[in-house]
Amino acid sequence: MDPLLQIEDLAVRFDAEDGPVRVLDGLSLSLGRGECLALVGESGSGKSMTGLSVMRLLPPQARIAAGSVRLDGSDLLRADERAMRRIRGRRVAMIFQNAKAGLNPIRRVGDTLCDILIAHDGGRLTRRAARGRIAALLGQIGITDPERRLEAYPSQLSGGLCQRIMIAAAFACSPELIIADEPTSALDVTTQKLVMDLLMAACRERGVAALFITHDLALASQYCDRVCVMRKGRVVEEGPAGRLFTAPAAAYTRMLIDALPAGKGTAQEWRAAIRSHAGMSS
Amino acid sequence: MTVGPVRRVEAAAEAPPRRKLLEIGAVTKVYGPPGTGLRAVDGVSFHLREGEILGLVGESGSGKSTLARIIARLIPQTSGSVVFEDQDISGLSGRHFARTGQRRCIQMVFQDPLASLNPRFTAFRSIADPVRRLGTPAERAALPELVREAAHRAGLPESLLASMPHQLSGGQRARVDIARAIVLRPKLLILDEPTSALDASLQAHVVETLLSLRDASEMSYIFVTHDLSLVRLIADRLIVMHRGQLVETGTAGEIFRQPQHDYTRRLIAAIPTLGGTKT
């Protein structure tokens with residue numbers, strides 16, 4: 001079966017004062033329908049730029065130099081802005097790291113979410129119907145007392161609750177693909193588990209594919225089917241999560257695994273593993 | 001104060017116990033009006049010995065950062081005592097504490113160096129700032145050497161000392177923050193989630209730097225974090241906080257093998273593991 005998302009030889013450059021910087025350098029990957037693919041790597045490896053390229057939301061100084069990003073066969077890089085507006089939210093939704101930053105601080109959460117839903121529905125949905133749909137979604141993903149939450153301002157809600165609300169919003173238009181860019185890095189470990197369980201269960205139940213961008217290898221291993229390891233704008237290794245973390249082929253993947261405190265018996269063991277890869281970190 | 005099952009692990013050690021550096025006695029912090037305000041820290045007591053690494057763990061809102069700021073005298077406690085090197089510093093405001101000789105002995109490293117470093121200071125000036133403010137005349141005279149030495153100990157290349165914070169990577173900024181904190185050779189370093197914004201490899205290198213520093217200088221650390229998998233490896237002792245209260249204390253091994261409090265069990269269960277059960 002054809003993949004849902006296929007990225008081929010994607011090159012993105014940043015125009016800097018001292019010449020162009022390659023942020024994506026011949027990136028290729030594919031994602032099947034309903035599959036969960038993790039994109040892991042260090043800061044600056046190009047993970048977020050990959051997600052933003054799919055959404056065509058790159059910063060102004062970025063330039064797509066080559067390659068293609070095909071969603072269900074059609075190249076998003078050739079789509080005009082009007083077509084992209086129909087794709088964003090409806091077919092591909094994105095969840096960002098800082099949910100509070102995505103909500104208007106001086107508007108009630110419910111008002112912001114209704115705006116999003118109405119905009120993606122082409123303005124046909126009434127405000128009342130949009131609110132009802134959002135409240136139902138919040139209930140479905142286990143948020144108690146959804147009507148009261150929708151009346152709150154972002155500052156009145158915890159980071160974890162805001163992120164769960166944004167997950168509900170991402171699923172509101174029944175997308176085929178969710179891009180989650182470090183959705184839990186700002187959350188503590190117990191809230192992280194709650195949010196990840198919720199996000200992945202929602203994807204699985206609805207058959208939605210997920211591109212999960214993270215620097216946390218343990219999270220990727222626990223929640224994803226397949227993993228792409230990125231370094232300097234390229235995929236250095238790709239494979240099923242089970243194999244990649246137990247028998248990595250690339251030295252860089254081994255370095256990332258050894259840097260994790262998880263699984264190490266003592267501090268000495270961990271420190272020795274870190275020292276053995278001195279100089280490899282980007 | 002109601003406290004959960006607190007495991008006492010007082011010096012069953014072979015070596016004679018080291019001197020107590022810090023003693024916290026029933027510290028409480030209430031935000032808002034007394035009685036109805038939020039009890040961010042609620043009657044917490046513990047001590048820290050010289051050269052010890054104490055992990056202070058708990059989820060967001062558990063009061064661990066508030067407690068760290070009280071110890072560093074950045075905010076006052078509502079009640080309770082903070083005794084550092086046998087001197088009660090709990091009555092001192094931040095301004096008065098800054099005039100004592102102990103200010104230089106307690107330094108703090110923050111979670112987000114981009115927010116804690118002055119954006120208009122070069123790395124050199126940020127590291128030099130504590131020397132200018134708190135150093136002796138002899139230290140001020142030797143300022144460039146002290147800054148270079150602190151940068152070296154923190155693993156920051158000398159070539160980056162002229163850089164502004166925005167020109168540095170996350171790991172390099174964390175090292176500037178550490179160099180700034182250690183330049184006056186403090187006795188206690190309070191690290192408030194110093195690596196939570198860093199990816200695993202940078203985190204590993206920053207923690208390795210901190211452990212090497214401790215090996216070389218016998219500094220004591222209070223390591224505030226919600227990352228139990230990290231603190232398990234580096235802390236001599238852990239304190240678990242929940243809703244402002246200390247609910248459990250013990251060595252990392254004891255707490256991981258036999259967590260006494262339900263909250264600690266939940267914290268441990270939530271740690272993602274490589275190759276863990278697919279969720």
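Colleague: Helices here are DSSP runs of H or I with at least four residues, and strands are DSSP runs of E with at least two. On that count, how many helices and strands are there in chain B?

Modeller: Chain B has 11 helices and 10 strands. Its radius of gyration is 19 Å, close to the 19 Å from the globule rule for 279 residues, so chain B is as compact as a globular protein of that length. Keep in mind that this is a predicted model.

Colleague: Which share of the chain B contacts between residues at least 6 apart joins residues at least 24 apart?

Modeller: 69% of them.

Colleague: Switching to confidence. What is the mean pLDDT of chain B?

Modeller: The mean is 88, and 92% of the residues of chain B reach 70 or more.

Colleague: Where does pLDDT stay under 50 in chain B?

Modeller: Over residues 8–13. The model has seven contacts beyond four places in sequence for that stretch of chain B.

Colleague: What ipTM and pTM does the predictor give the complex?

Modeller: An ipTM of 0.73 and a pTM of 0.81.

Colleague: Now chain A. What does its secondary structure come to?

Modeller: Chain A comes to 11 helices and 10 strands. Its radius of gyration is 20 Å, close to the 19 Å that the globule rule gives for 282 residues, so chain A is as compact as a globular protein of that length. The C-alpha atoms of chain A fill a box of roughly 60 × 45 × 45 Å along the principal axes.

Colleague: Last topic, charges. How far apart are the mean positions of the positive and negative charges of chain A?

Modeller: 3 Å, for 37 positive and 31 negative charges in chain A. Chain B has 35 positive and 28 negative charges, and their mean positions are 5 Å apart.

Note on methods. Residues are numbered from 1 along each chain as its sequence is written. Chains are lettered from A and ligands numbered from 1 in the order in which they are written. This is a predicted model: local features need pLDDT of at least 70, side-chain atom pairs count only at pLDDT 80 or more; totals for chains, interfaces and linings use all residues. Side-chain values use heavy atoms; hydrogens and water are left out. The radius of gyration is taken over C-alpha atoms; the globule rule is 2.2 Å times the number of residues to the power 0.38. Lys and Arg count as positive and Asp and Glu as negative; His and the chain ends are not counted. The place of a charge is taken as NZ of Lys, CZ of Arg, CG of Asp or CD of Glu. pLDDT is the predictor's confidence in each residue, from 0 to 100. Contact means heavy atoms within 4.5 Å.
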